[in-house]
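Reader: I am new to this structure and would like to learn how to read its salt bridges. Could you walk me through them?

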Amino acid sequence: MNYRHAFHAGNHADVLKHLTLARLIALLARKENPFAYLDSHAGVGLYDLQGDAASRTGEWLEGIARLWDAADLPAPAADYLNVVREMNADGVLRHYPGSPELARRLSRPQDRLLLNEKHPEDGGLLKENMAGDRRVAVHLGEGWHLPRALLPVAEKRALLLIDPPFEQPDELERCALALQEAIGRMRQTVVAIWYPIKDLRQLKRFYQDLQKSGAPKLLRAELYVHPADDAQRLSGSGLAIANPPWGLEEELRQLLPWLAERLAQSEGGWRLDWLIEEQPAAAKPATKSAVQAVGRKGRKG
């Protein structure tokens with residue numbers, strides 16, 4: 001993908017990623033002790049959906065715009081939508097939070113945010129957007145170095161989002177290596193890896209690499225807006241989540257069918273299963289699963 005995130009802000013992939021991130025933060029916040037949020041490829045943090053970049057693609061119209069006035073909103077989606085609505089208090093959908101801003105607004109005073117952005121211009125904008133919040137540190141460097149540079153953290157609990165631009169052909173492999181390194185340095189880290197669903201052969205190898213990562217447990221959540229049979233288009237996206245907090249699987253099982261119906265562009269679908277199941281002995285093979293199809297065109301409401 002030719003990727004600067006401003007072109008894709010608020011699309012169906014962002015909705016899945018950010019809604020899940022909001023739930024991860026909420027579930028971690030059930031315990032009073034602090035956690036650190038780490039973001040390897042943070043972007044600028046704030047996006048203008050009516051700006052030049054987002055207007056060129058209009059991808060947000062098939063994403064967050066479909067949820068904006070939803071009357072049947074599932075309860076676990078409330079935190080995410082509340083942030084978006086707070087940023088658009090006049091009732092007109094224009095401003096959209098990237099993952100750093102979402103995490104900044106949903107985290108607590110005792111939590112800390114460690115953000116990284118390699119692109120110099122975007123990194124400068126990220127610093128400006130995060131200015132004034134003393135809990136936030138912005139690093140300008142290679143995102144793949146984040147696990148070895150910052151883990152383990154003093155807080156003893158960490159949530160790491162790995163969300164690269166996927167401009168290079170080896171980035172799925174590098175995601176798996178980053179997971180392995182993060183788990184090796186701080187085994188209890190909650191790691192969420194976002195990935196595009198395009199080339200199914202590459203994804204099969206990616207799943208196999210993830211299963212060799214050494215993660216104690218690894219949940220796979222995928223959302224499809226088209227059938228995954230065309231490697232030339234973005235059919236959907238997924239999240240591989242190591243050490244997901246208790247309750248996330250149940251919430252995603254409620255959210256994914258709703259998202260698949262809301263965001264489908266031709267035929268929607270979803271999948272939720274374990275690539276690595278938690279157990280005391282040797283790892284079991286991945287749970288067998290199938291994509292759950294919605295079988296209808298997405299609605300605009």
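Predicted model: local features only at pLDDT ≥ 70, side-chain atom pairs only at ≥ 80, totals over all residues.

Reader: What is a salt bridge, and how many does the structure hold?

Author: Side chains of opposite charge can pair when their charged atoms come close. A salt bridge here is a side-chain nitrogen of Lys or Arg within 4 Å of a carboxyl oxygen of Asp or Glu. The structure holds 23 of them.

Reader: Which residue does Glu 101 meet in a salt bridge?

Author: Its partner is Arg 104, at 2.9 Å from N to O. Both sit in helix α5 (residues 99-106), three residues apart, so about one helical turn separates them. Helices are DSSP runs of H or I with at least four residues, strands are runs of E with at least two, and both are numbered from the N terminus.

Reader: Is Glu 101 buried or exposed?

Author: Glu 101 is buried, at 2% relative accessibility, whereas Arg 104 is partly exposed at 23%. Buried means under 20% relative accessible area, exposed over 50%, and partly exposed in between (1.4 Å probe, protein chains only).

Reader: Which network of salt bridges includes Arg 104?

Author: The network links Glu 86, Glu 101, Arg 104, Arg 105, Asp 133 and Arg 135.

Notes
Residues numbered from 1 in each chain as written. Heavy atoms only, no water.
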